[in-house]
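Subject: Structure handover

Hello,

Here is the structure I promised you. Please open it first, then read my notes below.

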Amino acid sequence: MTSLNKTLCLCGSQQNYVDCCEPFHLAIQHPQTPELLMRSRYSAYALKNAKYIYQTYTTDKQPENPVKEIKEFADGCRFIKLTIIDSGHDDSQGFVEFKAHYFYDNLYCELHEQSKFIKEKNQWKYSDGVILPVADIKIGRNDDCPCGSAKKYKKCHSL
Ligand SMILES: [Zn+2]
Ligand SMILES: [Zn+2]
């Protein structure tokens, strides 16, 4: 088995996974800011760690977001990158505006969201978000891959 420890974290922080989101995924540490939680939720999606996504919803949002549904969504996506646009917080609430880029089947999707975070029992949790509209882009097999690799889509992120 290959270890993820020395690989760059999928959240795009340019740090190794072991120094970035892994301690959060293993519940050794808890993210100290909404932005860190957001990053760790994104990398959990990319790693198909549905349980972590579920656990980092606020208690009142967990029933609407069963692990099974989170897993089905994560399994259907190939995650490309996360861009944090803005974030901020006070003692009890915070927000993160981000763009998540992923493929769903052969659709290139950009999720642009402004998320709300709430502190519950001294831990940041994701409550919900407002999704801002962006167009889904259909990619042809001979088009350049939108991930920025400069390869053709069929040689890169295609199914
Ligand atoms: Zn990370
Ligand atoms: Zn690609």
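The site of the zinc ion (ligand 1) is tetrahedral, with angles of 102 to 115° among its four donor atoms. Keep in mind that this is a predicted model. The protein donors are the SG atoms of Cys9, Cys11, Cys20 and Cys21, lying 2.3 to 2.4 Å from the zinc ion. Along the chain, the donors follow the spacing C-x1-C-x8-C-C. Cys9 and Cys21 are twelve residues apart, and each sits in the segment before α1 (22-25). Cys9 is buried, because its relative accessible area of 4% is under 20%. Cys21 is buried too, at 1%.

Take Cys77 as an example: the nearest cysteine sulfur belongs to Cys109 and is 6.9 Å away. A disulfide needs the two sulfur atoms within 2.5 Å, so Cys77 is in no disulfide. Cys77 is also buried, with 1% relative accessibility. Cys145 is buried as well, with a relative accessible area of 5%.

Now the aromatic rings. How many aromatic pairs are there? The count comes to eleven. One of them joins Phe73 and Phe79. Their ring centres are 6.4 Å apart, and the planes stand at 75° to each other. Planes over 60 degrees apart count as edge-to-face, so this pair is edge-to-face.

Are the two phenylalanines buried or exposed? Phe73 is partly exposed, at 31% relative accessibility. Phe79 is buried, at 15%.

Phe79 also pairs with Tyr102. Here the centres are 5.6 Å apart and the planes 45° apart, which makes the pair tilted. This pair links distant parts of the chain. Phe79 lies in strand β1 (residues 77-89), while Tyr102 lies in strand β2 (residues 93-104). The two residues are 23 residues apart. Both Phe79 and Tyr102 are buried.

These residues belong to a wider group. Ring pairs link Tyr42, Tyr45, Phe73, Phe79, Tyr102 and Tyr104 into a cluster.

The charged end of Arg41 sits over the ring of Tyr57, 4.5 Å from the ring centre.

Best wishes

Technical notes. Residues are numbered from 1 along each chain as its sequence is written. Chains are lettered from A and ligands numbered from 1 in the order in which they are written. This is a predicted model: local features need pLDDT of at least 70, side-chain atom pairs count only at pLDDT 80 or more; totals for chains, interfaces and linings use all residues. Side-chain values use heavy atoms; hydrogens and water are left out. Rings of Phe, Tyr and Trp (its six-membered ring) pair if their centres lie within 6.5 Å; planes under 30 degrees apart count as stacked, over 60 as edge-to-face and the rest as tilted. Buried means under 20% relative accessible area, exposed over 50%, partly exposed in between (1.4 Å probe, protein chains only). Helices (H or I, at least four residues) and strands (E, at least two) are DSSP runs, numbered from the N terminus. A charge sits over a ring if NZ of Lys or CZ of Arg is within 6 Å of the ring centre and within 35 degrees of the ring normal. Donors are N, O and S atoms within 2.8 Å of the metal (3.2 Å for Na, K and Ca); water is not among the atoms, so sites may look incomplete. Four donors count as tetrahedral if all angles lie between 85 and 135 degrees; four count as square planar and six as octahedral if opposite donors are over 155 degrees apart and all others between 65 and 115; anything else is irregular.
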